[in-house]
Amino acid sequence: MKNKTPLFLTLSLILLLLTFCAPKADPSIQIQQAVAATIAAIPSSTSAPLPTPYPSPTPIKLTGLFCEYEFCIGHPAYTNFFDKIALENPEYPSTYQKGNITALSREPLQLILMIWLHAPGTTDPQFLMDTLLADATDLQTGTLDAQLIHDMNVISAPINTTVSPDITSGRIAGWVCGDRVFAWKIYAKDSATAEAIFKESINRFACNN
């Protein structure tokens, strides 16, 4: 009797031979496929965020701006106004109708004084400027300079003072806004500094009229 090789054994031998004889995969192709898969797995870049809108700069500098008693006025950033009336008598501080504020700086040495008075119908601030001038120490020099600033007729003049040996110059000014009259004065080391501070202060003045 002739032995016959079982069918499943024959098939196993054929598959084993095919496995050994099959061509090996090209390593370069495998590398390319791996690189392609890696690139495909990289997430797409996020689009750049839209620029954040920021508010435009405030036209009025907030540093060195005094706002109280329904008006605002500029002043140097290194000093601040205080209520001179309230300092002398806390029970009767400055009001909308009348007031007296002062700003003192020790470095540089400067003194600013400002007063106002409720005076409906008044158009000339000269009388209040005369009140602010100190008879014993101040001397107005030169002629009055008149300017139209913020629809206000502003008059000013340089002054000499003997209030202190360290500050001998200054400037006096006055104007009308609404139903109030304002007078302003500065003592400074020289007339140029006094005029520069005055211009900055009055250019930033505003009142509820």
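A residue counts as buried when its relative accessible area is under 20%. Cys-177, at 5% relative accessibility, is therefore buried. The model discussed here is a predicted one. A search of the whole structure finds two disulfides, and with the bonded cysteines numbered in sequence order, the pairing is 1-2, 3-4.

**The disulfide of Cys-67 and Cys-72**

- Cys-67 is joined to Cys-72 by a disulfide with an S to S distance of 2.0 Å.
- This disulfide is right-handed, because the torsion about the S-S bond of Cys-67 and Cys-72 is about 120°.
- Cys-67 has a relative accessible area of 41% and is partly exposed.

**The disulfide of Cys-177 and Cys-207**

- The sulfur atoms of Cys-177 and Cys-207 lie 1.9 Å apart and form a disulfide.
- The pair links distant parts of the chain, 30 residues apart, with Cys-177 in strand β9 and Cys-207 in strand β11 (residues 206–207).
- The link of Cys-177 and Cys-207 is left-handed, with -90° about the S-S bond.
- Cys-207 has a relative accessibility of 13%, so this residue counts as buried.

**Ser-169 in strand β9**

- Ser-169 is located in strand β9, which covers residues 167–177.
- With a relative accessible area of 12%, Ser-169 is buried.
- Leaving aside residues up to four places away in sequence, Ser-169 touches Ile-159, Thr-161, Ile-186, Tyr-187, Ala-188, Lys-189, Asp-190 and Ser-191.

Key. Residues numbered from 1 in each chain as written. Predicted model: local features only at pLDDT ≥ 70, side-chain atom pairs only at ≥ 80, totals over all residues. Heavy atoms only, no water. Helix = DSSP H or I, 4+ residues; strand = E, 2+ residues; numbered from the N terminus. Buried < 20%, exposed > 50% of the residue type's maximum accessible area, 1.4 Å probe, protein only. Contact = heavy atoms within 4.5 Å. Disulfide = S-S within 2.5 Å.
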